[in-house]
Amino acid sequence: MSDSQNNNPYPPDGKSRDTYEKTRFEDKHLHEVHSSLLREKEEPSENFSPMPLIFVGLFMVLAFWSGIYLVWYSGDFGPFHYDETAKPGEAIDDTPREVDMLALGRRVYSQNCVACHQSNGRGISGVYPSLVNVDWVQDNPEMLVKVMLSGLAGPIEVNGSPYNNAMTPFGRLSDQQIAAVLTFIRTDDSFENDSYEVTPELVAEVREQYGSRTDPWTQPELEEIHGPITGGWSPSNGNSSSNDENDDSGDGEAAETEES
Amino acid sequence: MSATPSIVSTLSPTQSAGDPIRAKLSEVDESMRNAAILFLASAVLWLMAGTVFALIAAIKMTNPSFLGDHEWLTFGRIRTAHLNAMIYGWGNNAIFAIAPWLMGRLARTRIRHISILYTAGIFWNIGVTIGIFGILRGDMIGVEWLEMPAYITPLIAISYGLIGVWVIIAFRWRQSGHVYVTQWYLLAAFFWLPWLYTVAQIMLVFEPASGVVQSLTNWWFAHNVLGLWLTPAAVGAAYYFIPKVLGRPIHSYYLSVVGFWSLALFYNWAGVHHLIGGPVPAWVISAGTVASVMMVIPVIVTAINHHLTVVGLHNEGWRSPTIRFVVFGAINYTLASLFGSAMALRSVNEVTHFTHFTVGHAHHGVYAFFTMIMFGSIYYMMPRLVKREWPSAFLIQVHWWMCSLGIVLMVFALQVGGWIQGLQLNAIDEDGTVKYTFMEVVRNTVPWLWIRSISGFMIMIGHIAFAINVFWMLLPVSKSSSKSGPTLLTKETAES
Amino acid sequence: MAWTHYIIVGFAFASLFFVLAAFALYWAYRNGQLNELEDGAKTIFDDEEPMGQVTDQFPSKKDETSSTKKNHE
C-alpha cells in the first residue's frame with residue numbers, strides 16, 4: 001500500500017497533502033486512482049512528467065533567434081524592399097539600375113519579332129523583309145519608331161527588293177522596350193547595320209506626336225516626311241524637318257555610319 | 001419551415017426519448033456506419049486512381065515519350081490529376097470517414113441524420129470526379145493545389161459544408177464533459193479548411209488578385225491545406241489511436257495543449273517560404289522563415305507525446321496493424337516537419353528550391369505521415385463498423401511492408417537526388433561560369449528518378465493489397481473468415 | 001480590386017480569425033478544459049475499451065487469445 005501511495009498522482013509534487021485533500025481530493029478520485037493502479041502497475045507516474053528542460057531551453061533559443069532574424073533580415077520592413085540583407089536603419093539604395101539596352105532589346109526581339117523577321121533577323125525572302133544590313137534600319141530612327149508604333153502596310157522596297165505585306169503595330173510596348181529593340185537591331189553585330197542607338201526619349205516624343213494614329217504607315221507617306229529611304233541618313237545631314245532639335249542625343253559615332 | 005425546429009431537436013440526443021445520455025461506443029460506431037463506409041470505399045478507389053496517375057507521371061520523368069501521344073495523359077495533366085485525386089479524393093474522403101466517427105466517439109453522441117452525410121458524400125465524390133475529369137480534359141486552373149476547374153467549386157463547397165456542419169453538430173451536442181485533444185484538432189481543422197478554401201477561391205479564381213499577391217495567396221493556401229487540414233486531422237487521429245490501442249494515456253497531456261495552440265499560431269505563416277528568392281517584400285519571407293522554424297515547438301511537443309507514449313510498448317507494433325501504421329506516421333511527422341523547418345532557411349532553400357528534394361518532402365509529409373496514419377485509423381475503424389474481422393492478415397503484411405519500404409525508398413531517392421541536383425545547379429567554376437549545363441544536371445537525376453518509379457511500383461502493390469482487403473471485408477461472403485475469432489471485437493460480438 | 005483592398009479585406013479576415021481563436025481559448029479556460037488535464041487524457045477509455053487493454057491486433061493471430069490482454073506482464 002505504501003508503494004502505491006508513492007505512485008499516487010494526487011497530490012502532484014509541491015503541494016501539501018492537507019490542502020490538496022481539502023480542496024480537490026474526493027472519493028471519486030480515490031476510486032479512480034485505485035482502480036487504475038490495480039489494472040496497471042507502472043502507468044501513472046510517467047503521466048505527470050513535465051517537458052524535459054532541454055526542450056524548454058531549445059524553445060527559448062528559437063524564440064531569441066527568431067526575433068533577431070526577423071529584425072536583421074527584413075529589409076527594414078519596407079513594402080518595396082526585396083533585399084533581405086539590407087540592415088535596419090540603413091538607407092536603401094533605390095536609384096534606378098542601369099539597363100543594358102542590348103540585352104533588353106534582344107529579349108524584346110525574341111518575344112515579338114522572331115515570328116516574322118526570324119531569330120537571325122534575315123526574314124523570309126519575298127515575304128518578310130530582312131533586317132540585316134538594310135537601308136530601312138539604318139535610316140532615320142524617328143521613322144522606325146513610327147513604324148513600330150502604328151505598323152506598316154502596302155508595297156515597300158527594302159534594299160531594292162519589293163515586298164507587299166503588313167507589319168502589326170507594337171504600340172503596347174513601353175518607350176524603353178521600343179528604344180531597346182531598335183537599338184538592338186541597329187547596333188548589334190549580328191545585324192551588321194552598324195548604326196547608332198535609339199533613346200527612350202525619342203520614342204516618347206514620337207509617341208506623343210503620332211501615338212494616336214491607328215492606320216499603318218505606308219512607304220510613300222514616310223518618304224514624304226523623311227525623304228527617300230536610302231540608309232544614308234544621319235543627324236548631321238538629316239532630311240527631316242523635325243529632327244534637328246530632337247536628335248542631339250544621338251552619339252558621335254553616328255557620323256561614322258553614314259556609308260554602308 | 002416548421003420542419004426546422006424538429007430537425008434541430010432530433011439533433012440533440014438529450015431530447016430523444018428513451019436514449020441514454022451517453023451513447024455507448026458501439027452505438028456511435030453503428031450510427032456512423034453507412035456514411036463512413038461510403039467515404040472509405042470512395043477514398044480507396046481514389047487512392048487507386050491517384051496511384052495509377054502517379055506511376056504514369058513518374059515513368060514519364062525517365063521516359064518522356066511513354067504514352068506521349070495521348071493528349072489526356074500528358075505530364076502536366078497527369079501529375080495534376082495525381083495531386084488532386086490524392087488530396088481531394090483520397091485524403092479528404094479518408095478524413096470525412098474518420099473525423100465524424102472520432103468526433104462522435106469522443107463526444108459520446110450518435111451521428112444523427114446520417115443520410116445527409118451520405119448525400120453530401122455522394123455529391124463530394126461527383127464533384128471531385130468532374131474536377132479530375134476537367135483536369136485531364138485540359139480545363140485546369142493554373143494555381144497549384146487548386147487546379148480543379150471553377151465550375152465544380154459550388155458542388156465541392158456545399159457538400160464540404162454539410163460534412164463540416166455534421167462534425168460540428170456532433171461536437172455541439174457532446175455528452176462528455178472533457179474536450180479531448182483530438183477534438184480540438186478536428187474542430188479546428190473543420191473551421192480552417194473552409195476559411196482557406198473561400199479566401200483562395202475568391203482571391204485566385206473569381207476575383208483574381210494581381211501580381212505577387214496571387215502567388216503569395218497560392219502558397220499560403222497550398223501549404224496550409226497540408227498544415228491546417230491534413231496535419232491536424234492526422235495528428236488528432238494519432239493522439240487518439242496511440243493511447244487508445246495501447247491502453248495507456250497520453251504521455252503528458254498538458255503538452256498537447258501547448259502543441260495545439262502553437263500549431264495554430266505558427267503554421268499559418270509558414271507557406272511563404274515557397275517564395276524565397278521571389279519578388280516578395282523581404283520581411284514577408286523572413287516572417288515565413290521564422291514561423292517555419294518556430295514550428296519546431298509544436299512538432300517537438302507532439303513528438304514527445306506520441307513517442308514517449310509508445311516507449312516500452314514497441315512490441316505492440318508487431319501485434320497491432322493500427323499501432324504499426326500510426327507510429328510510423330507519427331515518426332515521419334517529426335522527421336518531415338523538422339526537414340521542413342530546415343528547408344525554410346534561406347541558405348538551405350537555395351539548394352533545395354526547384355529540385356526533387358521538394359517533391360520528396362511533399363511525399364514525406366502527405367504520404368509517410370498523413371496517409372500512413374489514415375491507413376492505421378482505417379485498420380482500427382473498419383472492424384468496429386462492419387463488426388467483422390479483417391479478412392487477411394497476409395494482405396495487411398503486404399500492404400505494410402510494400403508501403404513503408406516504398407515510401408522510405410522514395411523519400412530517400414528524391415531527397416538525396418534532389419540535394420545533389422541542387423548542388424550541381426548552383427555549382428560555379430573558378431572562372432565564374434556554371435560548372436554543369438542544365439542538361440547534364442537533368443541527366444544526373446535520371447537514376448534517382450528510376451528508383452522513385454520502382455518505389456512507386458512497390459507502393460502500388462501495397463495499395464492493391466489494401467484495396468482487396470477493404471472490399472473483401474465489405475463483401476458479405478467474408479463472414480466465414482470471422483469464425484476463427486474476432487479478437488478485437490469480443491465484447492461487441494458477445495453483446496450483439 | 002486594387003491590391004490595397006486586398007490588404008484591408010485580408011486584415012479584416014485575419015483579425016476576425018484571431019478574435020475567434022482568442023475566444024476559443026477563453027472559452028476553453030472558462031469551461032474548465034484546462035483544469036485537471038491529466039484526467040482528460042483518460043476520457044478516451046471506458047468500460048467497452050478500458051485502459052490497460054490493447055484493443056487492436058492482427059486478425060486471427062495464433063499466439064493471441066481472444067480474451068483481454070494486459071500490457072505489462
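Student: Which residues of α6(A) are buried?

Tutor: A residue is buried if 20 or more other C-beta atoms lie within 10 Å of its own, exposed if 12 or fewer, and partly exposed in between, with C-beta atoms placed from the backbone. Helices (H or I, at least four residues) and strands (E, at least two) are DSSP runs, numbered from the N terminus. By that criterion the buried residues of α6(A) are M101(A), G105(A), V108(A) and Y109(A).

Student: On what conventions does this rest?

Tutor: Residues are numbered from 1 along each chain as its sequence is written, while chains are lettered from A and ligands numbered from 1 in the order in which they are written. This is a predicted model, in which local features need pLDDT of at least 70 and side-chain atom pairs count only at pLDDT 80 or more, whereas totals for chains, interfaces and linings use all residues.

Student: Against which elements do the buried residues of α6(A) pack?

Tutor: Two residues are in contact if their C-beta atoms, placed from the backbone, lie within 7 Å. The helix spans residues 101-112 of chain A and reaches 16 Å from its first C-alpha to its last, close to the 16 Å expected at 1.5 Å a residue; the expected span is 1.5 Å times one less than the number of residues. The buried residues of α6(A) pack against α7 (114-117) and α10 of chain A.

Student: Which helix has the highest mean pLDDT among the elements of chain A?

Tutor: pLDDT is the predictor's confidence in each residue, from 0 to 100. The mean for chain A is 75, and 67% of its residues reach 70 or more. Helix α4 (residues 43-46) of chain A has the lowest mean, 41, and the highest, 91, belongs to helix α10 (residues 175-187) of chain A.

Student: How many contacts beyond four places in sequence does the model have for residues 239-260 of chain A?

Tutor: Residues 1-6 of chain A stay under 50 in pLDDT and have one contact beyond four places in sequence. Over residues 239-260 of chain A pLDDT also stays under 50, and the number of such contacts is 39.

Student: Where in chain A does N159(A) lie?

Tutor: N159(A) has a positive phi of about 50° although it is not a glycine. Most residues other than glycine have a negative phi. N159(A) is partly exposed, with 14 other C-beta atoms within 10 Å, and is found in the loop between β1 (152-158) and β2 (161-167) of chain A.

Student: Is W145(B) buried or exposed?

Tutor: W145(B) lies in the loop between α4 (114-137) and α5 (153-172) of chain B. It has a positive phi of about 75°, although it is not a glycine. With 20 C-beta neighbours inside 10 Å, W145(B) counts as buried.

Student: What radius of gyration does chain B have?

Tutor: Chain B has 17 helices and zero strands, and 57% of its 496 residues count as buried. The radius is taken over C-alpha atoms, and the globule rule is 2.2 Å times the number of residues to the power 0.38. A compact globule with 496 residues would have a radius of gyration near 23 Å, which agrees with the value for chain B, 23 Å.

Student: Which helix supplies the largest share of the side of chain B that touches chain A?

Tutor: In this contact, 20 residues of chain B meet 22 residues of chain A. Both α9 (282-294) and α10 (296-310) of chain B supply at least two residues of that side. The largest share, nine residues, comes from α9(B).

Student: How many residues of the side of chain C that touches chain B are charged?

Tutor: The contact takes 33 residues from chain C and 47 residues from chain B. Ala, Val, Leu, Ile, Met, Phe, Trp, Tyr, Cys and Pro count as nonpolar, Asp, Glu, Lys and Arg as charged, and the others, Gly among them, as polar. On the side of chain C, 15 residues are nonpolar, ten are polar and eight are charged.
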